[in-house]
Amino acid sequence: MRQVVMHGPGDVRVEDREDPKIIEPTDAIIRLSATCICGSDLWPYRGAEPVEDQVMGHEYVGVVEDVGSEVRNIKVGDFVVGSFWASDNSCEICQAGYQAYCVHRVLMGTIGTQSELARIPLADGTLVATPGMPEPDLIPSLMAASDVLGTGWFAAEAAEAGPGKTVAVVGDGAVGLLGVLAAKQLGAERIIAFSRHADRQALAREFGATDIVEERGDDGVARVKELTGGLGAHSVIEAVGTQEAMMQAIRSTRPGGHVGFVGVSHDVAIPGDDLFMAGVHIHGGPAPVRQYLPGLVQLIWDRKIDPGKVFDLTLPLDEAAKGYRAMDQRTATKVLLTP
């Protein structure tokens, strides 16, 4: 099969690799209908994380080709969506809704799904079958559910977005934009999107943003305060992962409000005095996407939401390096790869 491998920062190649096989009786093998490049893939690409000869990708949809002897809920021929964490969905942590912390979890990025085929561990707990074979135009949205939609949804829930709330979203990448969509679906009254890019501003408004703030840092905080009568937002989503973004999120939140953070943190350290005096709730981390998949798949299947609009560049798998460059240079928000 063909698979994306990152040999070092900026060095992405598509190579011939051995087809995956069933290893554990709880495994499934899927043929990818689509995969994609995640914003988190850019950290090693830019040299901010160590990388050497690493298979890439953790988002996936496709058709089941084989299952292990202990797989009961998924069958050959099913079209499936899975989370970027494989989980048994039955341990105490999973049952509490935190499948990203499953006691048997497997990070799909260590297996790599920017490929033609993929082995999915813990298939019964990880994969969700769609009601039937989807129409081609639904595949990008189902692809989004594998990570960025579920992550944005978790961020919105962690921030307690809901009716009567003002929600601010720090970050205008795919996760931030889908955090806007999630906040809208959860009933937020007002949604403030931080963005300096006209195309992303337009999509944020389409997804439900009522206000756009182009300022960053302290100026961005001041603008949110201005828009909220000096109080700050009830709910703030942090979808970047930098020190500036985290502090902007905390300082944009009113006392008693909630911050939902899902940006992969890099060198983030919250000063104790700022934390103590903020009076806000902070919750987040790797999103338990599996918790949300059944509901999100149904919303997409019923065409009530269209999160696939975050994909603004589609390339064949063999042109993955071009996709990485496009996202690195911010000429694409999110790249869909078609094996």
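Author: A pocket here is an open set of grid points, on a 1 Å grid over the protein atoms alone, with protein on both sides within 12 Å along at least five of seven lines. Its volume is the space filled by probe spheres set on the points. The model is a predicted one, and in it the second largest pocket has a volume of about 180 Å³.

The lining of this pocket consists of 14 residues, and those nearest its centre are Met1, Glu18, Pro20, Ile111 and Arg119. Sorted by class, the lining comprises seven nonpolar, four charged and three polar residues. Strand S9 (residues 117-120) supplies the largest share of the lining, three residues.

A residue of that stretch, Ala118, may be followed into the rest of the fold. Ala118 and Val64 are 54 residues apart in sequence, yet their C-alpha atoms are 9.7 Å apart in space. Val64 belongs to strand S5 (residues 60-67). Because its relative accessible area is 2%, Val64 counts as buried, the cut-off being under 20%.

The UniProt record, an unreviewed entry, lists residues 25-122 as "domain: Alcohol dehydrogenase-like N-terminal". This span is 33% strand and 8% helix, and its end C-alpha atoms lie 9 Å apart. Residues 174-299 are 48% helix and 21% strand, with end C-alpha atoms 18 Å apart.

The largest nonpolar core has 55 residues, of which Val61, Leu142, Leu149, Leu178, Phe207, Ile237 and Val310 touch the most other members. Helix H6 (residues 174-185) gives the largest share of this core, eight residues. At least three residues of the core come from each of domain 1 (2-147 + 288-337) and domain 2 (152-284).

Two loop residues complete the account. Asp267 lies in the loop between strand S15 (253-261) and helix H10 (272-278). Its phi is near 55°, a positive value in a residue other than glycine. Asp267 counts as exposed because its relative accessibility is 77%, the cut-off being over 50%. Arg303 sits in the loop between helix H11 (289-301) and strand S17 (313-316). Phi of Arg303 is near 60°, likewise a positive value in a residue other than glycine. With a relative accessible area of 48%, Arg303 is partly exposed.

How values were computed
Residues numbered from 1 in each chain as written. Predicted model: local features only at pLDDT ≥ 70, side-chain atom pairs only at ≥ 80, totals over all residues. Heavy atoms only, no water. 1 Å grid on protein atoms, 1.4 Å probe; cavity = no way out; pocket = protein on both sides within 12 Å on 5 of 7 lines; lining within 4 Å. Helix = DSSP H or I, 4+ residues; strand = E, 2+ residues; numbered from the N terminus. Nonpolar A, V, L, I, M, F, W, Y, C, P; charged D, E, K, R; others polar. Core = buried A, V, L, I, M, F, W, Y, C linked by side-chain atoms within 4.5 Å. Buried < 20%, exposed > 50% of the residue type's maximum accessible area, 1.4 Å probe, protein only. Domains from an automatic or database assignment. UniProt positions renumbered as here; feature names shortened; annotations may be inferred.
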